[in-house]
Amino acid sequence: MLMNSSRVASQFRVLSRAMGTALDVLPLGLVSAAVEVKEHVQLVARQARKAGYEVDPDDIRVASAVWSVLSGFEKRVLPGVGDLKRVLEFLRIRKWSKCEKQVKFLDSEIGLENLGEEKREVALLSSLKRLMCYCRCVLFDAVDGERGRRSGGEAVGCFNLEDFRCPISLEMADPVTVSTGQSYDRCSIAKWFRADNLICPKTGEKLKNTEVVPNLALKRLIEQHCFENGGAFADSGRRNLDIGRARLAVAGSLADEGAMQMVAEFLNGRLAVGTVEEQNKAAYEIRLLTKTSIFNRSCLVEAGVVPHLLKLLCSADSVTQENAIASLLNVSKYSKCKAVIVENGGLNLMVGVLKKGLKSETRQHAAGTLFYLASTEEYRRLIGETADAIPALMALIKDGTDRARKNALVAIFGLLTHPANHRRVIAAGAVPLLVHVLTLFDSEALVMDALAILSTLAEKADGSIAILRCKALDSIVGILNSSIPRAGKEFCVSLLLALCVNGSGDVVALLAKSTSLMGTLYSQLSEGTSRASKKASSLIRVLHEFHERSSGSISPVLPQERFVHVR
């Protein structure tokens, strides 16, 4: 509002003059109205002509100071602390949390502006957001207590997670709100409207119109929930995805770029020579800055924060350790950072935190970091060769929270793309743990991850044998017959087919006794993914041949000759 005060005043002047002109030409003599009404009209006309709508001199002075700071950011000139404090005092921003609130508000404004075609305000909004980030990092010595750090998580906790799913598709990539106040995924509600449905799918009310409004608040909550649970938030529209990536990969303006580079240098200095409290604060700021922005990650990595964050993993303070590992998790998504982590001894430190982290969240973040490091072939090998890495992940699957187990499972899945890790995962006792996850079925996401790993292990004979020893067939068939998503059904079909190929003839005989299996497999031919359909077709052929062979119609065939193994 401060930076637009002149424009707003100008708009009011134009509106006022337009009202005065309209009332001047209004033929009051021809209007049938009470005398009092006509007197009011004349009064309003006079006031409209006289109204000045001048900008407050203090607004002009402070706005000028802000422009000066932004100009300095473009030239990499550090602003005066006194100047920044005067601006914040004028805006009544006196606490870290108030500054953070401004950052979030400006970020949502940038999101709205990017939805339009012209995007005229993106550069200014990006500059102002970075100014607030700079002030938050440099001017405030501490976060407003634990509440300031956890308020976001508490906000998510107040919601039923079903509210994060679109009632139509059960996915919510781009939340929008219709006239009834209900929220849906943009693509799903658009298809609903194209089918000439003019009622609200959830409430059944007739819609006044088909207009939708972006629900940025819900989108932010979903993104936060995904981040805290180690999940991924995918944007539905290709155009929106491209906009988001472009926005996160580069600076929004020259001032944005210059300020972020100075913030990175400041935080790196605090990590290097600051007090314990300053190091913790710097790690927390880095954690926030690197949550979603690729540009922020690149600036901070190039400033040299990674070695200092790795040192903080040995901190005896649980909060400092958590902030450090969470920051490393975020920056590990940046391609150039992976080598920096490994070259500075990060793998052994990560495994140490994974085993003996001071908080469950710390161990969770360590597993997530290993997952991102495992996206590189060489590091998959190194992690597998690190003696305690895979056993520590298994311990987390066994004893961790759901979030920690999720991260450990996806890390194991990533490691399996290196062939030598197949044997190591089985030797670490993965199969009984994964089968236990299937048996409990207390989390659909965990079951999906466990199925993905088991289907990969089953591709080799030793993996199939280990799975069969755990008597997992009934659990797998039961999950296939359940309402699990299509991807889960595909994993089940792949797993059953691999067990038939690599197991004994008893596997096929046991599957043939299932009265519901064949119907589910046939449904996969039409309803499943292309890959699931092919594998279901192969498994159906196996079961038909077994029945024919059992009735004596055809001669015995070796197991390997019966399969079309689809990868």
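Hi everyone! Let's begin where Leu517, Met518, Leu521, Tyr522, Gln524 and Leu525 of helix α29 meet Ala532, Ser533, Ala536, Ser537, Leu539, Ile540, Leu543 and His544 of helix α30; contact here means heavy atoms within 4.5 Å. This is a predicted model, where local features need pLDDT of at least 70 and side-chain atom pairs count only at pLDDT 80 or more, while totals for chains, interfaces and linings use all residues. Residues are numbered from 1 along each chain as its sequence is written, and side-chain values use heavy atoms, with hydrogens and water left out.

Back to our pair. The contact of α29 with α30 divides into 10 nonpolar, four polar and no charged residues. Nonpolar covers Ala, Val, Leu, Ile, Met, Phe, Trp, Tyr, Cys and Pro; charged covers Asp, Glu, Lys and Arg; the others, Gly among them, are polar. Helices are DSSP runs of H or I with at least four residues, numbered from the N terminus.

Two packed helices are described by the angle between their axes and the distance between the axes. For α29 (residues 517–527) and α30 (residues 530–550), the axes come within 8 Å and cross at roughly 145°. Axes are lines fitted to C-alpha atoms over the stretch in contact, and angles run from 0 to 180 degrees between N-to-C directions.

Now for the second pair. The axes of α3 (residues 57–74) and α11 (residues 254–273) come within 7 Å and cross at roughly 70°. That makes α3 roughly perpendicular to α11, a label for angles of 65 to 115 degrees. Here Leu70, Phe73 and Glu74 of α3 meet Leu254, Ala255, Gly258, Ala259 and Met262 of α11. This contact splits into six nonpolar residues, one polar and one charged.

Cys133 is buried, at 3% relative accessible area, whereas Cys470 is partly exposed, at 25%. Buried means under 20%, exposed over 50%, and partly exposed in between, with a 1.4 Å probe and protein chains only.

Last, two arginines. Arg76 has a positive phi of about 60° although it is not a glycine. Arg76 sits in the loop between α3 and α4 and is partly exposed, at 38%. Arg92 also has a positive phi, near 60°. Its place is the loop between α4 and α5, and Arg92 is exposed, at 60%.

Notes:
Parallel < 35°, antiparallel > 145°, perpendicular 65-115°, else oblique.
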